[in-house]
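Dear colleague,

I am handing over a structure that I have been reading through, and I would be glad if you kept it open beside this email.

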Amino acid sequence: MKVTLAVVMPAYNEGNRIYENLLSCAKTVEGFCPSFRILAVNDGSTDNTEEEMRRAAAEDSRIGIISYEKNRGKGYAIRRGMTASRAEYTAFLDADLDLPAEQLEGYLQVMKQEQADIVLGSKLHPDSHLKYPFYRKIMTHGYYLILKMLFRLPIRDTQTGIKLFRTERIHPVIQKMQSDRFCFDIELLAIAAKYGLSMVEQPVEVCYHGDGERKTKIRLRTVFDMFFETLRIKRRISKMNAE
């Protein structure tokens with residue numbers, strides 16, 4: 001029997017919480033979708049993430065594991081997981097569960113009602129409830145303005161880590177992608193828009209579980225990388241449009 005929903009959860013050095021989060025996610029999803037798979041992707045972690053994933057999979061057979069030795073980036077991990085999905089619908093969700101999995105229930109309903117190809121969470125939606133650091137709010141609004149100028153997409157927030165897709169419609173998009181890291185989302189949505197996939201934004205609830213200063217430094221170090229990678233994606237999309 002074909003699985004209705006696959007939830008891809010990429011993880012890098014999440015050994016301290018991935019076991020509990022995978023089981024929690026599975027328990028949540030079974031409440032609204034009896035036929036599902038959780039696809040946990042170990043993105044070359046150097047801690048015990050893989051071992052903890054396997055411990056969770058041994059407890060719940062609906063959890064599958066994809067693992068490789070070299071860290072390739074969140075975008076690559078999501079692509080690997082989404083490519084492996086054979087479900088009717090495929091979602092991805094951050095492994096830290098800052099974005100609770102129960103939100104996918106409403107996203108599935110909207111996808112069916114609107115006949116949408118993509119339903120994505122938006123921190124800029126007026127009904128979103130956000131509990132996360134102020135600097136991240138500034139980054140969200142700033143990046144939105146840059147993307148609006150460059151891509152003119154029919155959405156406001158590309159970066160929130162919860163999205164749902166019709167699998168057969170998104171697989172051809174994934175095959176065209178190159179971005180492995182933080183700009184994965186914008187490349188995916190820009191190519192999807194080029195191919196005419198319909199998108200609907202939905203509110204999100206964000207409950208930040210980050211570890212403060214360390215994550216802040218990582219974010220600040222990647223700002224310039226994200227900016228220049230965004231420009232490279234713009235050039236690739238422009239080249240695709242000219243072909």
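**What was found**

Arg79 lies in helix α3, where helices are DSSP runs of H or I with at least four residues and strands are runs of E with at least two, both numbered from the N terminus. Before going further, please keep in mind that this is a predicted model, in which local features need pLDDT of at least 70, side-chain atom pairs count only at pLDDT 80 or more, and totals for chains, interfaces and linings use all residues. Residues are numbered from 1 along each chain as its sequence is written, and side-chain values use heavy atoms, with hydrogens and water left out.

Arg79 is buried, since its relative accessible area is 15%, and the word buried stands for under 20% relative accessible area, exposed for over 50% and partly exposed for what lies in between, with a 1.4 Å probe and protein chains only. Leaving aside residues up to four places away in sequence, Arg79 touches Ile174, Met177, Gln178, Ser179, Asp180 and Phe184, a contact being heavy atoms within 4.5 Å. Arg79 and Leu188 are 109 residues apart in sequence, yet their C-alpha atoms are 9.8 Å apart in space.

**Two pairs of helices**

Two packed helices are described by the angle between their axes and the distance between the axes. The axes of α3 (residues 74-84) and α6 (residues 167-175) come within 10 Å and cross at roughly 140°; axes here are lines fitted to C-alpha atoms, for helices over the stretch in contact, and angles run from 0 to 180 degrees between N-to-C directions. The two helices, α3 and α6, are therefore oblique to each other, because angles under 35 degrees count as roughly parallel, over 145 as roughly antiparallel, 65 to 115 as roughly perpendicular and the rest as oblique. The crossing of α3 and α6 is left-handed, a term used if the near helix is turned anticlockwise from the far one by less than a right angle, with right-handed used if it is clockwise. At this meeting, Arg79, Met82 and Thr83 in α3 are in contact with Ile170, His171 and Ile174 in α6.

The axes of α1 and α2 come within 8 Å and cross at roughly 35°, and this crossing is right-handed. Here Ile18, Tyr19, Leu22 and Leu23 from α1 meet Thr49, Glu52, Met53, Arg55, Ala56 and Glu59 from α2.

Helix α1 has 13 residues and reaches 18 Å from its first C-alpha to its last, close to the 18 Å expected at 1.5 Å a residue, the expected span being 1.5 Å times one less than the number of residues. Its buried residues include Ile18, Tyr19, Asn21 and Leu22, and among the elements that cover the buried residues of α1 are β1, β2 (36-43), α2 (49-59) and β3 (63-68).

In helix α7 (residues 184-194), nine of the 11 residues are buried, and the helix is mostly covered. One of the buried residues is Ala190, with a relative accessible area of 6%; Ala190 and Lys234 are 44 residues apart in sequence and 8.7 Å apart in space, C-alpha to C-alpha. After α7 comes Gly196, whose phi is positive, near 80°.

Most residues other than glycine have a negative phi. Asn13, in the loop between β1 (5-11) and α1 (18-30), has a positive phi near 50°, and Asn13 is partly exposed at a relative accessible area of 29%. Leu97, in the loop between β4 (89-93) and α4 (103-114), has a positive phi of about 60°, whereas its relative accessible area of 12% makes Leu97 buried.

Val204 sits in the loop between β8 (199-203) and β9 (205-207) and counts as buried at 2% relative accessibility. The C-alpha atoms of Val204 and Pro126 are separated by 9.7 Å, although these residues are 78 residues apart along the chain.

**The chain as a whole**

The chain has eight helices and nine strands, and buried residues make up 53% of its 243 residues. Among contacts between residues at least 6 apart in sequence, 82% join residues at least 24 apart.

With best wishes
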